[in-house]
Amino acid sequence: MKSKTVLWAVLVSCMIMLVHGCAIREEGQDIVQEKKETEETRFYEPEQAEEKQTESETKIQIQTEEIQELREVPELYYAYHCLDIEKQRVYLEMLDALTDMERDVRLSTVDKSMLDIVFACVMNDHPELFYVEGYEFTEYMTDAVVTEITFSGTYSTTAEEAEQIQLSIAQRLDDCFEQVPLNEDEYNTVKYLYDWLINNTEYDKEVENNQNIRSVFLQGKSVCQGYAKAMQYMLQKAGIQCLLVTGFTNGERHGWNLVRVNGSYYYLDPTWGDASYASSGTDSISQDFVPAINYDYFLVTTDEITRTHSIEKVVLLPVCNTLTDNYYVREGLYFDSYDEEKLTHIFEGDIVKSTGCVTLKCSNDEIYTLVTQTLIGEQKIFDLIDKREASIAYTFNDTQRTISFWDL
């Protein structure tokens, strides 16, 4: 018997660049006066009321008015709904400025410490802002006191170029979305788009625009940031909430997704699902021996993703603790005990017949060790598929407790 072992979790770095800076400029008294007048319109005059309000009551009333002023934002945009009211207001001001590619937009805050986090929330929610490279802000001061902040996006294209690129992306996705199974079971929609993305994209660190969706949809090549934003873009287009999550794998920056499927949250890493990514880390692995799509990081729990991914928490993220829509559970490939009858059914089933490969997932280390030792150590796999004289390729992922077989 010949056995071939391939390691899926090949870590390749990808950089996420957020450019920001500031210029401080002193302004005259006229700016201060304008600012004061604007601020004064937000406060009540208790002495003119029949009954005086307490300070806390006044703040509650002001806050209520601010809530009413904010426009409704769909639940698709996870990060926005994690922010307090003040940050939500700045988020919308930034989003409008970036959408219209404006510069020197006056913000409703003079607290520059919130700008990085709010900008990150906007970018993590909105993959369609592919032309945004970063941002700049200007502080206006009087007597060493900040009285105004203006915001400017930095852009990689003109407005006309961005519009044309958006049209090209829409045309590229027309055929894809004609086939998307848009129904009550969101699992089918997510899986279809995940498969489409991987089948139509190759991992390539050298391709241009690899930090945004342009590289995926117009060139068919990208890196982790491009994969994750493209996945997010398609899921949002299908009406499914999805967030770009950033962090680290093996000390290198990485990007993946948080997605809500059928009411529950999961993590999803489309880059680590692509065989072209797995094979990019070494010359010794041939793609001929690797299944085209890996589902080890498709709709997984917080516990599973954090074994290999360190999350950079820009906003509070939910604890993902359900396996209901995990690929292996949904496809009947999940084992919480050694079940030879179930294994036989799998190896004789449609998945193996159509693809020549299959991956099994185990619930814990004990079951994983038992299944691995029985199928490979004792070579029981050959009895199950009745190929005693054949060779079978296989690979392990000890971290995710999966075993893949192909050439079946």
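1. Helix α5 passes helix α6 in a right-handed crossing. The structure discussed here is a predicted model. The two helices, α5 and α6 (residues 186-199), have axes 11 Å apart and pack at an angle of about 135°. An angle of that size makes α5 oblique to α6.

2. On the α5 side, the contact with α6 is made by Arg172, Leu173, Cys176 and Phe177. The α6 side supplies Tyr192, Leu193 and Trp196. Sorted by class, the residues of this contact are six nonpolar, no polar and one charged.

3. Helix α5 (residues 159-178) also packs with helix α8 (residues 224-237): their axes come within 12 Å and cross at roughly 70°. The helices α5 and α8 are therefore roughly perpendicular to each other, since angles from 65 to 115 degrees are counted that way. The crossing of α5 past α8 is right-handed, and the crossing of α5 past α6 is right-handed too.

4. Which residues of α5 meet α8? They are Gln166, Ile169, Leu173 and Phe177, and they face Tyr233, Met234 and Lys237 in α8. The class count for the contact of α5 with α8 is five nonpolar, one polar and one charged.

5. The next points concern a sheet. Four strands form an open sheet in the order β12-β13-β15-β14, and the pairing is mixed.

6. What stands opposite Thr402 in β15? The residue there is Lys361. In general, strands of a sheet pair through backbone hydrogen bonds, in either the parallel or the antiparallel sense.

7. Helix α12 (residues 340-347) lies across β12, β13 and β15 and runs at about 155° to β13. Helix α14 (residues 365-377) lies across β12, β13, β14 and β15, and its direction is at about 25° to β15.

Key. Residues are numbered from 1 along each chain as its sequence is written. This is a predicted model: local features need pLDDT of at least 70, side-chain atom pairs count only at pLDDT 80 or more; totals for chains, interfaces and linings use all residues. Side-chain values use heavy atoms; hydrogens and water are left out. Axes are lines fitted to C-alpha atoms, for helices over the stretch in contact, and angles run from 0 to 180 degrees between N-to-C directions. Angles under 35 degrees count as roughly parallel, over 145 as roughly antiparallel, 65 to 115 as roughly perpendicular and the rest as oblique. A crossing is left-handed if the near helix is turned anticlockwise from the far one by less than a right angle, and right-handed if clockwise. Contact means heavy atoms within 4.5 Å. Ala, Val, Leu, Ile, Met, Phe, Trp, Tyr, Cys and Pro count as nonpolar, Asp, Glu, Lys and Arg as charged, and the others, Gly among them, as polar. Two strands pair if DSSP finds at least two bridges between them.
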